[in-house]
Amino acid sequence: MASQFANYSREITDLTASVRSFLASPQSSRSVSLLISSKSSLDQCEAILSAMRVSVDDSTSASNRKALMGKVKRIGKELEALGEELKRESVRLDRSELFGSQTQQQNSSDPFDPFGAKLIDTMGSLNQTTSLLHSTQLLCSETEATGAHTLTTMGAQREQLENANRNVSETKTIAGQAKTVLRKMGRRAAMNKLFLYFVILCLVAANCAVIYYQFIKS
């Protein structure tokens with residue numbers, strides 16, 4: 001999970017670098033297409049951040065989880081700040097287009113460039129499609145991580161069941177051995193009783209013989 005978290009962090013760093021580059025560029029060089037691309041990159045960052053939260057939840061070390069969660073919160077604040085800046089830039093570009101479109105309609109009517117607006121729309125659609133594909137890829141990664149975590153949990157449960165099965169088998173073996181010992185002890189007790197009865201019988205017979213020879217024959 002740590003390597004996956006690091007990969008997510010690098011992806012966010014690369015995407016936010018392009019957004020910061022757009023915001024740091026001169027206002028005259030900023031265009032709607034670049035703004036759309038920056039928003040798409042920011043949306044991808046939000047999706048990656050969600051995947052990072054999932055990877056942090058699957059972490060096993062409490063101290064490591066606390067440190068990673070702190071980094072996730074810091075990245076979330078940075079993305080929120082970048083989103084606010086993009087919103088302000090979007091408002092500025094909308095105003096520029098609003099006032100610039102009137103001047104363009106009055107001063108320029110170029111019949112040889114009919115594809116400018118369509119090109120911007122197409123780029124926006126492509127950026128949205130790329131963002132959707134990236135989100136789908138992240139969702140697949142999250143599903144794969146969840147599946148791996150489930151398999152690990154099932155493996156641990158299987159090991160516990162196998163240990164319990166072994167314990168039951170050992171208990172049955174010990175119970176069988178105890179039953180055998182008890183049977184042997186019962187046999188020995190019976191033999192001891194028979195021997196005791198035989199000794200008593202011999203003593204009674206000996207006493208009878210002594211009485212007979214002492215009193216009757218004399």
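This is a predicted model: local features need pLDDT of at least 70, side-chain atom pairs count only at pLDDT 80 or more; totals for chains, interfaces and linings use all residues.

Me: What makes up the secondary structure of the chain?
Reply: There are four helices and zero strands. From the N terminus, the order reads α-α-α-α.

Me: How much of the chain counts as buried?
Reply: The share is 21% of the 218 residues.

Me: Why is Ile12 called buried?
Reply: Its relative accessible area is 4%. Buried means under 20%. Ile12 is therefore buried. This residue sits in helix α1.

Me: Which residues have the most contacts inside the largest nonpolar core?
Reply: They are Ile12, Ile48, Leu49, Met52 and Leu86. The core has 24 residues. Elements giving two or more residues to it are α1 (2–24), α2 and α3. The largest share is from α2, with nine residues.

Me: How far apart are Ile12 and Ile48, in sequence and in space?
Reply: In sequence, 36 residues separate Ile12 from Ile48. In space, the C-alpha to C-alpha distance is 7.1 Å.

Me: Why is the contact of Arg20 with Glu78 called a salt bridge?
Reply: The closest N and O atoms are 3.7 Å apart. The rule asks for a side-chain nitrogen of Lys or Arg within 4 Å of a carboxyl oxygen of Asp or Glu. The Arg20 and Glu78 pair therefore qualifies.

Me: What does the pair of Arg20 and Glu78 tie together?
Reply: Arg20 belongs to helix α1 and Glu78 to helix α3, so the bridge ties together parts 58 residues apart in sequence.

Me: Are Arg20 and Glu78 buried, exposed or partly exposed, and what are their values?
Reply: Arg20 has 39% relative accessibility. Glu78 has 32%. Buried is under 20% and exposed is over 50%, with partly exposed in between. Arg20 is therefore partly exposed, and so is Glu78.

Me: How do you know that Glu78 and Arg74 form a salt bridge?
Reply: Their N to O distance is 3.0 Å. The cut-off is 4 Å. The pair therefore counts. Both residues lie in helix α3, four residues apart, about one turn of the helix. Arg74 is partly exposed, at 43%.

Me: What makes Glu162 and Arg158 a salt bridge?
Reply: Their side chains meet at 3.3 Å, N to O.

Me: Which residues gather in the negative patch?
Reply: Asp43, Glu46, Glu80 and Glu84 do, on the surface. Helices α2 (32–57) and α3 (62–107) each supply at least two of the patch residues.

Me: Which residues form the positive patch?
Reply: Lys179, Arg183, Lys184, Arg187 and Arg188 gather there, on the surface. One of them, Arg183, lies in helix α4. Arg183 is at 48%.

Me: Which residues form the nonpolar surface patch?
Reply: Met191, Leu194, Leu196, Tyr197, Ile200 and Val204. Together they have about 630 Å² of accessible area.

Me: Why is Tyr197 called exposed?
Reply: Its relative accessibility is 54%. The cut-off for exposed is over 50%, so the label holds for Tyr197. Tyr197 is placed in helix α4 (residues 116–216).

Terms used. Residues are numbered from 1 along each chain as its sequence is written. Side-chain values use heavy atoms; hydrogens and water are left out. Patches are made of residues with over 30% relative accessible area and no salt bridge: like charges are joined within 9 Å, nonpolar side chains (Val, Leu, Ile, Met, Phe, Trp, Tyr) within 5 Å. Accessible areas come from the Shrake-Rupley method with a 1.4 Å probe; for residues, only the protein chains shown count as cover. Lys and Arg count as positive and Asp and Glu as negative; His and the chain ends are not counted. The place of a charge is taken as NZ of Lys, CZ of Arg, CG of Asp or CD of Glu. A nonpolar core is a set of buried Ala, Val, Leu, Ile, Met, Phe, Trp, Tyr and Cys residues joined through side-chain atoms within 4.5 Å. Buried means under 20% relative accessible area, exposed over 50%, partly exposed in between (1.4 Å probe, protein chains only).
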